[in-house]
Amino acid sequence: MTITRQDELDGLKEIGRIVAQVLQAMARAMEPGMTTRELDDVGRALLEREGALSAPQSTYGFPGATCISVNEEIAHGIPGDRRLQAGDLVNIDVSASKNGYFADTGASWPVLALPPALERLRRDGKRAMEIGIAQVGSGKPLAGIGRAVGRFAEERGYTLIRNLASHGVGRALHEEPGEIPTWPTRGDRRRIQKGLVLTVEPFLSLGGLWASEDADGWTLRSEPRAPVVQYEHTVVATERGPIIVTSPFQA
């Protein structure tokens with residue numbers, strides 16, 4: 001989607017605020033002993049209250065309202081009977097639509113406390129996303145996102161999952177540009193046009209390189225097996241830089 005009018009930006013900000021607030025509420029609700037289905041029910045109820053539709057459910061028939069991935073699961077985890085335990089690393093991904101506008105956000109959270117190495121990974125995962133977002137602006141190279149994130153990851157001794165990319169969003173959950181690498185690439189000469197709506201969502205890891213799909217057709221795990229964190233915002237490119245629409249404090 002390319003934003004050309006204020007009412008489009010307003011609509012995007014509304015659904016962006018909703019998914020951001022649902023994400024925060026789900027993180028606050030997490031506690032040892034609850035199932036991922038119970039956690040998903042928290043998100044489902046809040047989306048319904050806001051008049052928003054779960055995007056993975058409405059678009060792809062995903063079995064939950066949100067994606068909840070625990071420890072060895074890195075994305076697209078199906079909410080179910082798995083019980084959260086102290087020390088778990090949980091990724092929550094919330095995407096939804098309202099009035100024809102879609103927004104997508106996610107973050108990795110601890111259940112109580114994490115070991116120092118995983119807490120460092122979590123902190124740096126958020127920083128990697130912020131570094132990528134800083135490369136978003138009208139006329140800038142699309143590959144600049146992956147170059148900047150890749151430099152940061154290499155300097156800090158991390159790897160990046162290289163088959164889970166950022167993407168266009170706005171009028172659908174996934175739209176053009178269909179794949180925006182958050183790792184260094186060569187030969188990509190695409191430029192970011194003014195008003196482009198996209199996600200920035202690097203998957204930072206302690207050794208993982210690829211995502212492989214489970215037999216359930218949804219759940220993704222890293223190859224080789226290693227801890228992974230993901231942070232994600234939906235942003236709009238402007239001549240003055242990025243507008244983050246998935247902030248819980250959007251007007």
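Q: The expected span of a helix is 1.5 Å times one less than its number of residues; what does this give for helix α4, and how far apart are its end C-alpha atoms?
A: Helix α4 covers residues 116-133, which is 18 residues, so it should span 26 Å. Its end C-alpha atoms are 26 Å apart, which agrees. The model is predicted: local features need pLDDT of at least 70 and side-chain atom pairs count only at pLDDT 80 or more, while totals for chains, interfaces and linings use all residues. Residues are numbered from 1 along each chain as its sequence is written, and side-chain values use heavy atoms, with hydrogens and water left out.

Q: How many helices and strands does the protein have, and what makes a run count as one?
A: The protein has 5 helices and 15 strands.

Q: Why is the protein called as compact as a globular protein of its length?
A: Its radius of gyration is 17 Å, close to the 18 Å that the globule rule gives for 251 residues, so the description applies. The radius is taken over C-alpha atoms, and the rule is 2.2 Å times the number of residues to the power 0.38. Along its principal axes the C-alpha trace spans about 45 × 45 × 30 Å.

Q: What makes a residue of this protein buried, and what percentage of the residues qualify?
A: Buried means under 20% relative accessible area, exposed over 50%, and partly exposed in between (1.4 Å probe, protein chains only). Of the 251 residues, 57% count as buried. In α4, the buried residues are Leu 118, Leu 121, Arg 122, Asp 124, Gly 125, Ala 128, Met 129, Ile 131, Gly 132 and Ile 133.

Q: Why is Arg 122 called buried, and which residues does it touch?
A: Arg 122, in helix α4, has 18% relative accessibility, so it counts as buried. Not counting residues up to four places away in sequence, Arg 122 touches Leu 89, Ser 108, Trp 109, Pro 110, Leu 114, Val 229 and Tyr 231; contact means heavy atoms within 4.5 Å.

Q: Among contacts between residues at least 6 apart in sequence, what percentage join residues at least 24 apart?
A: In this protein, 68% of such contacts do.

Q: Why is the pair of Phe 62 and Trp 218 called edge-to-face?
A: A search of the whole structure finds 1 aromatic pair. The ring centres of Phe 62 and Trp 218 are 5.1 Å apart and the planes stand at 90°, so the pair is edge-to-face. Rings of Phe, Tyr and Trp (its six-membered ring) pair if their centres lie within 6.5 Å; planes under 30 degrees apart are stacked, over 60 edge-to-face, and the rest tilted.

Q: What makes this pair a tie between parts separated in sequence?
A: Phe 62 lies in the loop between α3 (55-60) and β2 (67-70), and Trp 218 in the loop between β11 (210-213) and β12 (220-223), so the pair ties together parts that are 156 residues apart in sequence. Phe 62 is buried at a relative accessible area of 2%, whereas Trp 218 is partly exposed at 24%.

Q: How do you know that the charge of Arg 171 sits over the ring of Tyr 101?
A: The charged end of Arg 171 is 4.1 Å from the centre of the Tyr 101 ring. The criterion is NZ of Lys or CZ of Arg within 6 Å of the ring centre and within 35 degrees of the ring normal.

Q: Why is Gln 193 called partly exposed, and where does it lie?
A: Its relative accessible area is 38%, so Gln 193 is partly exposed. Gln 193 is in the loop between β8 (175-180) and β9 (197-200). Leaving aside neighbours within four places in sequence, Gln 193 is in contact with Thr 2, Ser 138 and Ala 237.

Q: Which peptide bonds are cis, and what are their omega values?
A: One joins Glu 176 and Pro 177, with omega about -5°; Pro 177 is in strand β8. Another joins Glu 223 and Pro 224, with omega about -10°; Pro 224 is in the loop between β12 and β13 (228-230).

Q: Why are Asn 99 and Leu 112 called exposed?
A: Asn 99 has a relative accessible area of 61%, so it is exposed; Leu 112, at 63%, counts as exposed too. Asn 99 sits in the loop between β4 (89-98) and β5 (101-110), with a positive phi of about 55° although it is not a glycine. Leu 112 is in the loop between β5 and α4; its phi is positive as well, about 65°, and it is not a glycine.

Conventions:
Helices (H or I, at least four residues) and strands (E, at least two) are DSSP runs, numbered from the N terminus. The expected span of a helix is 1.5 Å times one less than its number of residues.
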